[in-house]
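Welcome! Please take a look at the sequence and the 3D view first, and then read on.

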Amino acid sequence: MTKGTNKDFFGYIGQNTGTQTAITNQGRFVPNDIIYLKGKSQWDSPLVVEYLVIAGGGSGGNGNEQGGGGAGGFRNSVQTENTGDGGTAEATLELAPGTYGVTVGGTATDSTFDTNGVVSTITSTRGGGQGQSGGSGGGGGGSDTNNGHPGGSGTANQGNDGGEGGGQGGVSNNAGGGGGGSGNAGSNGRNGHVGGAGGNGQASSITGASVTYAGGGAGSGHNANNSNASGGNGGGGRGGKQGQSGSANTGGGGGSGRDSSGTSGGSGVVILRYLTANAGGFSVSGGSTSTSGDYTIHSFTSSSNFVIS
């Protein structure tokens, strides 16, 4: 394994082969060969990359007693943090030179990082609309009966369930549930025409600053003058008379609006980082590049490519 052109070529790694020297092209690597190549900056070690992949949040409902949108899925491999729903961080990636596709999801759309077969494509699941499953589930709608509609289910290690819609046997007392967030589930709609709050998101410091992503959107009540319900921390939209869209590039769910059209979920984001010292002779590009401490960070707010050469 070598780096660049016009370099010493040592052949391949294998078993039961002849010995390897610096002037032959047969046999196997031995420790001294690797030391030799590293000393000449000709050894291709893979670039170890951590990622945060957030999908687009689900839309909030349109009208009274509607559920809030669920947050987009939250997948994280920063080893000192958690992935969605408080799960253990995923494994880091070891990437060779190549072009890796990045897809940033809009409203209710998956975000992906294509690893070119190193592992399966990293896919964060879109947020659910009212009562729908997703990265985090959308809140359930209210009901004129004593039981509201259930919220949608969240995806394991990405998010949480939406809250249940409220019902009290009278049309003026019903409310939609809040959408789930990556940190916790959405709240149930209250029997008193107040929508459920959106579930809170989770924080990551992959950029060097702590930012909360993927909060759920809030539900709406029956009456036009009902109190607003809060969206979840991490870009979740407010619910109430006028719903609020999820924040862009957070994956926040949209809040439902009693007197407004359904609000949009916030777009997602993909963020990659690696130790600057480990980049060696590589040229790395893609997204908006910054540095923080020992790390170089590539942030993608729209679909593009991450290139190592």
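You are looking at a predicted model, where local features need pLDDT of at least 70 and side-chain atom pairs count only at pLDDT 80 or more, while totals for chains, interfaces and linings use all residues. Residues are numbered from 1 along each chain as its sequence is written, and side-chain values use heavy atoms, with hydrogens and water left out.

**Salt bridges**

- The structure holds two salt bridges, a salt bridge being a side-chain nitrogen of Lys or Arg within 4 Å of a carboxyl oxygen of Asp or Glu.
- R273 forms one with E50, and their closest N and O atoms are 2.7 Å apart.
- This pair links distant parts of the chain, since R273 sits in strand 9 (residues 269-275) and E50 in strand 1 (residues 47-54), 223 residues apart.
- Helices (H or I, at least four residues) and strands (E, at least two) are DSSP runs, numbered from the N terminus.
- E50 is buried too, with a relative accessible area of 10%.
- E90 and R75 meet through their side chains in a salt bridge, at 2.8 Å from N to O.
- Here E90 belongs to the loop between strand 2 (74-76) and strand 3 (93-95), R75 to strand 2, and the two are 15 residues apart.
- E90 is buried at 16% relative accessible area, and R75 counts as buried at 18%.

- Five strands make up an open sheet in the order 6-5-4-13-10, with antiparallel pairing; two strands pair if DSSP finds at least two bridges between them.
- Strand 6 (122-124) and strand 10 (284-285) each have a single partner strand, so one side of each is left without a neighbour in the sheet.
- Strand 5 (residues 111-113) pairs with strand 6 in the antiparallel sense over three bridges.
- Across this pairing, F113 stands opposite I122 in strand 6.

**S111 and its polar contacts**

- S111 lies in strand 5 and is buried, at a relative accessible area of 0%.
- A polar atom of the S111 side chain lies 2.8 Å from the backbone oxygen of I54.
- The S111 side chain also reaches the backbone nitrogen of G105, at 2.8 Å.

**Nonpolar cores**

- A nonpolar core is a set of buried Ala, Val, Leu, Ile, Met, Phe, Trp, Tyr and Cys residues joined through side-chain atoms within 4.5 Å.
- The largest core has 20 residues, of which L47, L95, F113, L272, F306 and I308 touch the most other members.
- Strand 1, strand 3, strand 4 (98-103), strand 9 and strand 13 (304-308) are the elements that give two or more residues to this core.
- Strand 1 provides the largest share of this core, four residues.
- Not counting residues up to four places away in sequence, L272 touches V49, E50, Y51, F113, T296, I297, H298, F300 and F306, where contact means heavy atoms within 4.5 Å.
- A second, separate core has eleven residues, including L52, I54, V269 and I297.

**F74 in strand 2**

- F74 has its place in strand 2 and counts as buried, at 0% relative accessibility.
- The C-alpha atoms of F74 and T155 are separated by 9.6 Å, and these residues are 81 residues apart along the chain.

Definitions and conventions
Buried means under 20% relative accessible area, exposed over 50%, partly exposed in between (1.4 Å probe, protein chains only). A polar contact is a pair of N or O atoms within 3.5 Å; within protein, one must be able to donate a hydrogen and the other to accept it, and residues adjacent in sequence count only if both atoms are side-chain atoms.
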